[in-house]
Amino acid sequence: MSAKGRGAESVESDFYATPKWATEAILRTMPGWLKRHSILDNRQGAISFERKVRILEPCAGKGAIADVLRKWYPLAEIHAVELDRKRFELLESAGSCDRVWCGDFAEWLGDGQPYDLILSNPPFTIAMSIIERTLPLIHPNGGRAVHLLRQAILASNERAPFWKRTPAQQNILPRRPSFAASLKCGEKKKCGWTRIQELAAARPDVCIGCGGKVACTTSDSADYAWFVFGQEIEREWRILDIDRTAA
Ligand SMILES: C[S@@+](CC[C@H](N)C(=O)[O-])C[C@H]1O[C@@H](n2cnc3c(N)ncnc32)[C@H](O)[C@@H]1O
């Protein structure tokens, strides 16, 4: 779930790519059987289990999370959904998923089978509905749904009934992820121009409003945690180990 500055233009359709280090931090805590069942058995040269591990990314963007999932779980069956047509096409051509759907996850029917792992960084505005929609898709035999959310999502009268009835394990990122570049007029006498754009997108050399200097920040103003849901999950929190050298 990604933050937006008030009064700023935001990235189209709430697109913010998740940094690899943040995804890897939570994957390191996932049950070992997920990995064991997604790699070749060296002795037999074949998959050493009865069925493939099934993974879903319900708001996949251009595939920042899906790419990491493919590296960690090479033989898993990875499915993804993305609303935006252009991003869907990029995701599909990147080839990290076995099946990709273009459409609204709220209306997505899938193939009727549950998932061992569901992992997403849903847009802020629809995070709760995405979470609720993924819970019935969790495989009853040890499956998990894992969502990257602002920790502030817990503090709300409206959302309190959900959090009271649904245990979740909060895995706190000790470092704030950079999801976007926040640009604004950098002149002493500010003209008021602001823009939030993708981290990787080219940045203007001058303020679009007045032609003066541009100020840029890439750190997010919110604290984040991966919230894990599943049958054996209890309400608890812990701090994740992260790769401090990763960009
Ligand atoms: C915060 S971005 C995360 C993208 C990707 N997971 C990543 O980390 O790079 C959220 C993505 O959800 C997509 N999205 C928004 N509403 C959606 C919906 N109802 N169903 C499916 N995807 C949706 C947006 O188009 C955007 O690409």
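Predicted model: local features only at pLDDT ≥ 70, side-chain atom pairs only at ≥ 80, totals over all residues.

Me: OK, zooming out. How many helices and strands are in the chain?
Reply: The chain has 6 helices and 13 strands.

Me: What share of the residues is buried?
Reply: Of the 247 residues in the chain, 35% are buried.

Me: And the contacts? What part comes from residues 24 or more positions apart?
Reply: Take the contacts with a separation of 6 or more. Residues 24 or more positions apart account for 68% of them.

Me: Now the sheets. What is the strand order in the open sheet of 8 strands?
Reply: The order is β5-β4-β3-β6-β7-β12-β8-β13. The pairing is mixed.

Me: Which strands are at the edges?
Reply: The edge strands are β5, residues 99-102, and β13, residues 236-239. Each of them pairs on one side only.

Me: How much are neighbouring strands turned against each other?
Reply: In this sheet, by 20° on average, ignoring direction.

Me: Give me a pair to look at. Do β3 and β4 run parallel or antiparallel?
Reply: They run parallel, joined by 4 bridges. To find the place, look at R54, which stands opposite E77 in β4.

Me: Next, β12. Is it mostly covered or mostly open?
Reply: Mostly covered: 6 of its 6 residues are buried.

Me: Which way do those residues point?
Reply: Y224, W226 and V228 point one way from β12. A225, F227 and F229 point the other way. All of these are buried.

Me: Which residues in β12 are the bridge partners of H147 and Q169?
Reply: For H147, the partner in β12 is F227. For Q169, the partner there is V228.

Me: What about the open sheet of 3 strands? What is its order?
Reply: The order is β10-β9-β11, and the pairing is antiparallel. β10, residues 194-198, and β11, residues 214-217, are the edge strands. Neighbouring strands here are turned by 25° against each other on average, direction ignored.

Me: How many bridges do β9 and β10 pair over?
Reply: They pair over 5 bridges, in the antiparallel sense. One place to look is A181, whose bridge partner in β10 is Q197.

Me: Helices now. Which residues of α5 are buried?
Reply: In α5, residues 127-134, the buried ones are A127, I130, I131 and T134. These residues are on the same side of α5, because they cover an arc of only 100° around the axis.

Me: What covers them?
Reply: The cover includes β6, residues 117-120, and β7, residues 144-150.

Me: And α1? Which residues are buried there, and what do they pack against?
Reply: In α1, residues 20-27, the buried ones are A22, T23, A25, I26 and L27. They pack against α3, β7, β8 and β12.

Me: Last topic, loops. Where is R51?
Reply: R51 is in the loop between β2, residues 46-47, and β3, residues 54-57.

Me: Buried or exposed, and why?
Reply: F179 counts as buried because 27 C-beta neighbours lie inside 10 Å. The cut-off for buried is 20 or more.

Me: How far is F179 from S219?
Reply: Their C-alpha atoms are separated by 7.6 Å. Along the chain, F179 and S219 are 40 residues apart.

Methods. Residues numbered from 1 in each chain as written. Helix = DSSP H or I, 4+ residues; strand = E, 2+ residues; numbered from the N terminus. Buried ≥ 20, exposed ≤ 12 C-beta atoms within 10 Å, placed from the backbone. Pairing = 2+ DSSP bridges. Axes fitted to C-alpha atoms, helices over the stretch in contact; angles between N-to-C directions. Arc of directions from axis to C-beta. Contact = placed C-beta atoms within 7 Å.
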